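Visitor: I'm new to this one. Can we go through it piece by piece?
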Amino acid sequence: MAVRARVAAMRRRLRMADLPAYGWNALLCQGVWASRGFASMNRLTERHCRNSWDWDSCSPLCLSACLRHAWPRPRWPLERSVSDSAQVAPPLHGGTGSANIRSMSDPFALDDEAPASPPPSRASGPRPVPPDAPWLQGLNPEQFQAVTTTDGPVLVLSGAGTGKTKVLTSRLAHILASNLAQPWQCLAVTFTNRAAREMKERVGQLVGPVSDGIWLGTFHSLCLRILRSHAEAVGLGGDFTVLDSDDQMRVLKQVMAEAHVDPKGTPPQGLMATIQRWKDRAVTPDKAAADGGAEGQAKTLYRAYQDRLRSLNACDFGDLLLHVLTVFLSDAEALARWQGRFRYLLVDEYQDTNVAQYLWLRLLAQTHRNICCVGDDDQSIYSWRGAEVGNILRFEKDFPGAKVVRLESNYRSTPHILAAASTLIANNEGRLGKTLRPGIIHEPEAIEKIRTKAVWDGEAEARMVAEEIETLQRRGEKLSSMAILVRAGFQTREFEERLITTGIPYRVIGGPRFYERLEIRDAMAYLRLVVSAADGLAFERVVNTPKRGLGEAAVQTIHMVARAEQVPLLEAARRLVDTDELKPKARQALARFIEDVDRWRSLLESMPHPELAATILDESGYVDMWKADKSADAPGRVENLKELVAALEEYDSLASFLEHVALVMENDSRADLDSVVIMTLHGAKGLEFDSVFLPGWEEEVFPHSRALAESGTKGLEEERRLAYVGLTRARKRVLVSFAANRRIYNQWKSQLPSRFVEELPESHVERSGERGLHGGGLAESKAAWNDPAWSRARFGQPRRETAAAPSWGQAKPRESAGGFKPGARVFHDKFGNGTVLSLDGNKLEIAFDKAGIKKVLDSFVSAV
DNA sequence: GAAAGATTCCTTTTT
DNA sequence: GGAATCTTTC
C-alpha cells in the first residue's frame, strides 16, 4: 500500500523527540495526510489545530496536512457536471437545466402559457421495439413485465437488491425508444439528489442525450420548477427564494418573538416539526384551524409563520409541495395543463411518499393514468418525516386495474444474508409480504455466515472493525467495497478516530454540508442581499457581520421602521439614515453599509459575477474578518470562501446560483478514491457493498430509545426495517457488533445487546465475543454480567484511561480545585500554554505565552 | 456594544 | 462534547 508506506515514512521522519513539541496529534494528522483528499470533516484534526493556539507550534508536516488536505473542504457538488460532460444538464431546477430543455424544443417550456392541447407527436406514434433491444437485456420475467407494461398504473413491489433502479431506467428507456412519449412528457421522481443523478446517468447510458429532456428530479426540485410559473397564484413573486432549515428556524423564532411566545415553553424546534408534519400532510393553516385539537397556539403560529414567509417572498421545503398542490386545486386550467403534459410518471421509493407527495402524484396521474410506482414496504424508514406506508398499501384502490409486479429475486446478497434479513423482518406485522430468494448462485466457498460480535466498549468496537477492514484489505478487498453503517450521526466519531490512527482512508457521507457552513451562509447572504434588496433575512444576517457597531438595538430600530412603513429592511435602513433615530456612530456605519450594497448592485450588470462576489466579500470586510480571526478554523473558512467564489464560475449569474443552492445542499464526495464509507443506515438505502459493518446493535441505541418512546410498536417496527435495510446492503458479508459499555453524553452506560441480534436466525449466524462472552444473546450476556470485568463497568468504577487519548483528551477540565500553584505551567483551550502567576479562590491569573495575562477559572485550564 | 465566561440544553434519521 | 444561550465584564 503506497499510502501506508507513506505514513510509515512520515512517522519515521517525525522523530520521537519531536513528540512533546508537536503532540500526539501530529501523528494522527499524518494519518489524515495519508488519507488526504477525503471530504469528511475531520474532527481530530480540527481539534488539534484548535488546541495549538498558534500555527507555529504545529509541526510543519501536520500544518500543511491540516491546511491543505484534511481541512474540511467538501467537494463541490456540481464539479462533476461541468468537467465531465457539458451536454448533461445539471440537476433539474430552473437555471441552466431549463435552458437545456428549451434547447430540446420542449413545446411546454417552463414559463410559456402553452395551450392544453396534447403535444404534437413528432414521429408517427409508437414504434415497435425489438425484443433484443439493449435495455431489455438481462431482465428476468418479472422485471420484463414491469418494464414493458407501459399502459395503465403499475405497482412494482421491489425487495432489496431486486433491481428496482434497473427496472426504472429500463422502463424510461423503453418508453422513449418506443416513442410512446417525448422526454419532456416523462416525469421521474426520486427523493434524493443522488438517486436522481444516478437514474439520469443510467438512462443517459441507455438512450443517450435525449434523456436530458426528461423531467427527472427530486419531488422538491420538480415542484420548484413547476411553482416558478405559478408563484403569483400563491402570493409569491416569481423570484421567491427557498429557505433552508436554518433560515426557517430564524423566521419561526422571529414570529414567535412577535407573538410573545416563550421559546422555553414552546421549543421552536418542536413547533417547526409540528408545522412540517402539517405540511407533509398537505394541511394549510386554514385546514389546521378547522382540524380542531388542542394545539391552538401552534395553529396561530403556523399561520403567522406562513404569512411571514409570504411577506419575505420566500417558502420553505414543505411549501414547495404545498403551494403546488394549492395551485393545482385552485386553478383547474393549470392542473389540466400539467396533467396533460405528463404521459408517464415514474416514482422511486414510493413507500417514502408523504401525503402531500401522494396527492401531488395522484393529481398529475389523472389524465394519462400511466403511473409506475416502485417501492418496498419493508424499507419504509421515513415515517418520522411524514412518509405514509399506507400509500403503497392503497395503490390498487386508488388506481383500479393496477398491475402489481413483485420482484423477489435478489441479485445482491448471499443466502445467509437473505435468510437473516428475511427472518428479522418477519417479526414485523402488517407487511405486504415478500420473500426474497437468491437470484444468483454464489460460489459455496465465498459464502460466509453473518457474524455477530460482542465487544467491551465503543473503542474496542472501532478497533475491531478497523482490524477486520485491514484483514479484508489484505485479502485483496477494496476499501470502497466496505461500509460502516451506523444508526445515528454521532456514532461515526469513534470510527473516524480509529481509522485515522490506523491510516485507513475513509469518507463520511452525510456530515456537515458545505452550504451549511457559517461562512458560506454569511457570504451567500451578502449575495442574496445584492441580488434582491428585499431579502430581509439576508440583510439581518450581514448587517453587522463583520462588526460594524450595529448591535441589537440598531437592528431593532430598523425592524420597527420596516414594520411601520411596510418596507423591506434595507429600505427601512435607508430611511433611517436620514433621521436622528440612531446614534451618530451607528448611523454612519449603516450609511456606509447601504452605500456599499448599492454600489455592488450597480455592478451586477457590468461585472462578471464571480469577480463581483469576490469584490463584495472583500470590500465588505468579510474575508478580512476571518483572516484576522485567530481561531483555528479561520484559515479553513477563508479557503471555503475562495471555493465558493470559484464555484460561481459554473453558473450564468448570481441569481441562478442562489437558485440551485437551496435544493442541492448535498455534500457528495467523489467515490473515485479507494476508501471505506461511513454513513447512517438511512443514508445507505439504495446502496450496496461487499462487506457491511453494523456496529452499535444495542438496546437504546438501535432500536433507538426515542423511536420506541415516541411511537411504540410502530417505532420498533420501523427500527427493524432499518435493520433490514442495513443487512440487505451487503453482498458478501455482514458483521454486526455491540458493546457492553458505551459512553453516552459523556457518561458510561452498560448496554444490552439489541433485540435484533437475537432475532437473527441461529443457523445463519456465527456468534462470537470477547472474554468468553460467546453467543452474545441476551441470556448469555446476562450470565456474563457476573464476569468481574463487566460488573466493574456496571457499577460505575472508573475506567482506565485509554492509551489513544493523551494530549487532547485531557485538554478539558481535570481535577481543578487548588491543583495549581504559582509558577505551574498550564494549558488553556483558547490561549494555549501559560504560567500561573497567582490564585484567587478558583480563579487563576495566568501569563500566557502568546495571549498575555488573563484571569481564568481553574476549570478551564489543565496542567501541562 | 462586544467579547469572554458560564450555563444549559440536547443529541435520529433529511429534502 | 458541543451548540446555543445567558451572564458578566470591560
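Guide: Start at V486, which stands opposite T680 in strand 14. Bear in mind that this is a predicted model.

Visitor: How many bridges join strand 12 to strand 14?
Guide: Four, and the two strands run parallel. Strand 12 covers residues 482-486.

Visitor: And which strand pairs with strand 14 over three bridges?
Guide: Strand 13, residues 506-508, also in the parallel sense. There, R507 stands opposite V677.

Visitor: Switching topic. What order do the strands take in the open sheet of six?
Guide: The order is 3-2-6-7-1-8, with parallel pairing. Strand 3 (215-218) and strand 8 (403-407) stand at the edges with a single partner strand each, so one side of each has no neighbour in the sheet. On average, neighbouring strands are turned by 15° against each other, direction ignored.

Visitor: What lies across strand 2 and strand 3?
Guide: Helix 10, residues 193-207, running at about 155° to strand 3. Helix 11 (residues 219-228) also packs on the sheet, touching strand 2, strand 3 and strand 6.

Visitor: Now R548. Where is it?
Guide: R548 is in the loop between helix 25 (536-542) and helix 26 (552-565).

Visitor: What does the side chain of R548 reach at 2.9 Å?
Guide: The backbone oxygen of V543. R548 also touches other residues, including Y526, A589 and F593.

Definitions and conventions
Residues are numbered from 1 along each chain as its sequence is written. Chains are lettered from A and ligands numbered from 1 in the order in which they are written. This is a predicted model: local features need pLDDT of at least 70, side-chain atom pairs count only at pLDDT 80 or more; totals for chains, interfaces and linings use all residues. Side-chain values use heavy atoms; hydrogens and water are left out. A polar contact is a pair of N or O atoms within 3.5 Å; within protein, one must be able to donate a hydrogen and the other to accept it, and residues adjacent in sequence count only if both atoms are side-chain atoms. Contact means heavy atoms within 4.5 Å. Two strands pair if DSSP finds at least two bridges between them. Axes are lines fitted to C-alpha atoms, for helices over the stretch in contact, and angles run from 0 to 180 degrees between N-to-C directions. Lists of a residue's contacts leave out its neighbours within four places in sequence.
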